[in-house]
Amino acid sequence: QVQLVESGGGSVQAGGSLRLSCAASGRTASSYAMGWFRQAPGKEREFVAALNSNGASTYYTGSVKGRFTISRDNAKNTVFLQMNSLKPEDTAVYYCAAGRIYFTTNYYNTNKYDYWGQGTQVTVSS
């Protein structure tokens with residue numbers, strides 16, 4: 001069992017930055033692939049970024065490449081999402097997720113993640 005708690009959300013103007021954190025609890029938390037997803041009002045939850053258990057492989061959706069960076073500190077069982085050059089269209093609730101993922105295509109799929117956090121709101125104003 002893995003429990004995830006996100007933090008770091010807030011309100012920022014366009015062009016600003018935020019850093020989200022996801023604290024994972026559980027003996028095997030560091031062995032899971034981790035992902036960030038987001039859901040805007042009236043829209044489906046969508047993939048943002050993910051990385052494998054040791055952090056060596058990272059994956060991003062096209063709209064955030066070059067602006068967002070995902071990383072993890074396994075010693076602290078924490079995953080981060082550094083978000084720079086934020087845009088109003090980045091406004092959403094951001095969720096952290098954990099899963100045992102072995103194929104590249106599965107990192108992008110919400111159904112492949114077993115554990116989810118409660119979400120943190122990110123609001124970007126123009």
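Which residues does Arg67 touch, not counting residues up to four places away in sequence? Select Arg67 and show its neighbours: Gln82, Met83, Asn84, Ser85, Leu86, Lys87 and Asp90. Touching, or contact, means heavy atoms within 4.5 Å.

Before moving on, some ground rules. This is a predicted model, in which local features need pLDDT of at least 70 and side-chain atom pairs count only at pLDDT 80 or more, while totals for chains, interfaces and linings use all residues. Residues are numbered from 1 along each chain as its sequence is written, and side-chain values use heavy atoms, with hydrogens and water left out.

**Stop 1**

Strands here are DSSP runs of E with at least two residues, and helices are runs of H or I with at least four; both are numbered from the N terminus. Arg67 has a relative accessible area of 10%, so it is buried. The classes are buried under 20% relative accessible area, exposed over 50%, and partly exposed in between, using a 1.4 Å probe and protein chains only.

Now display the polar contacts. These are pairs of N or O atoms within 3.5 Å; within protein, one atom must be able to donate a hydrogen and the other to accept it, and residues adjacent in sequence count only if both atoms are side-chain atoms. The Arg67 side chain reaches the backbone oxygen of Ser63 at 2.9 Å. It also reaches the backbone oxygen of Ser85 at 2.9 Å. The side chain of Asp90 makes a polar contact with the Arg67 side chain at 2.8 Å.

Select Asp90 next. This residue is in the loop between β8 and β9. Is Asp90 buried or exposed? Its relative accessibility is 1%, so Asp90 counts as buried. Leaving out residues up to four places away in sequence, Asp90 touches Arg38, Arg67, Phe68, Ser85, Val122 and Val124.

**Stop 2: two positive phi angles**

Most residues other than glycine have a negative phi. Go to Ser85, in the loop between β8 and β9 (92-99). Ser85 is not a glycine, yet its phi is positive, about 50°. With a relative accessible area of 41%, Ser85 is partly exposed.

Then pick Asn77, in the loop between β7 and β8 (78-83). Asn77 also has a positive phi of about 50° and is not a glycine. Its relative accessibility is 22%, so Asn77 counts as partly exposed.

**Stop 3: the sheet**

Switch to cartoon view. Find the open sheet of 4 strands, ordered β1-β3-β8-β7 with antiparallel pairing. Two strands pair if DSSP finds at least two bridges between them. The edges are β1 (3-7) and β7, each pairing on one side only. Neighbouring strands are turned by 15° against each other on average, direction ignored. That angle is taken between axes fitted to C-alpha atoms (for helices, over the stretch in contact); angles run from 0 to 180 degrees between N-to-C directions.

Zoom in on β7 and β8. They run antiparallel and are joined by 6 bridges. Select Ile70: its bridge partner in β8 is Leu81.

Next, click Ser21 in strand β3. Ser21 is buried, with a relative accessible area of 18%. Its contacts, not counting residues up to four places away in sequence, are Val5, Glu6, Ser7, Trp36, Thr78, Val79 and Phe80.

**Stop 4: the disulfide**

How many disulfides does the structure hold? It holds 1. Select Cys22 and Cys96, whose sulfur atoms are 2.0 Å apart; the cut-off for a disulfide is 2.5 Å. The pair links distant parts of the chain, with Cys22 in strand β3 (residues 18-25) and Cys96 in strand β9, 74 residues apart. The torsion about the S-S bond is about -80°, so the disulfide is left-handed. Cys22 is buried at 0% relative accessible area, and Cys96 counts as buried at 0%.

**Stop 5: the aromatic rings**

Finish with the aromatics. The whole structure has 8 aromatic pairs. Rings of Phe, Tyr and Trp (its six-membered ring) pair if their centres lie within 6.5 Å; planes under 30 degrees apart are stacked, over 60 edge-to-face, and the rest tilted. Select Tyr59 and Tyr107, a stacked pair at 4.3 Å centre to centre with 20° between the planes. Tyr59 is in strand β6 and Tyr107 in the loop between β9 and β10 (115-116), 48 residues apart. Tyr59 is buried at 13% relative accessible area, and Tyr107 is buried at 6%.
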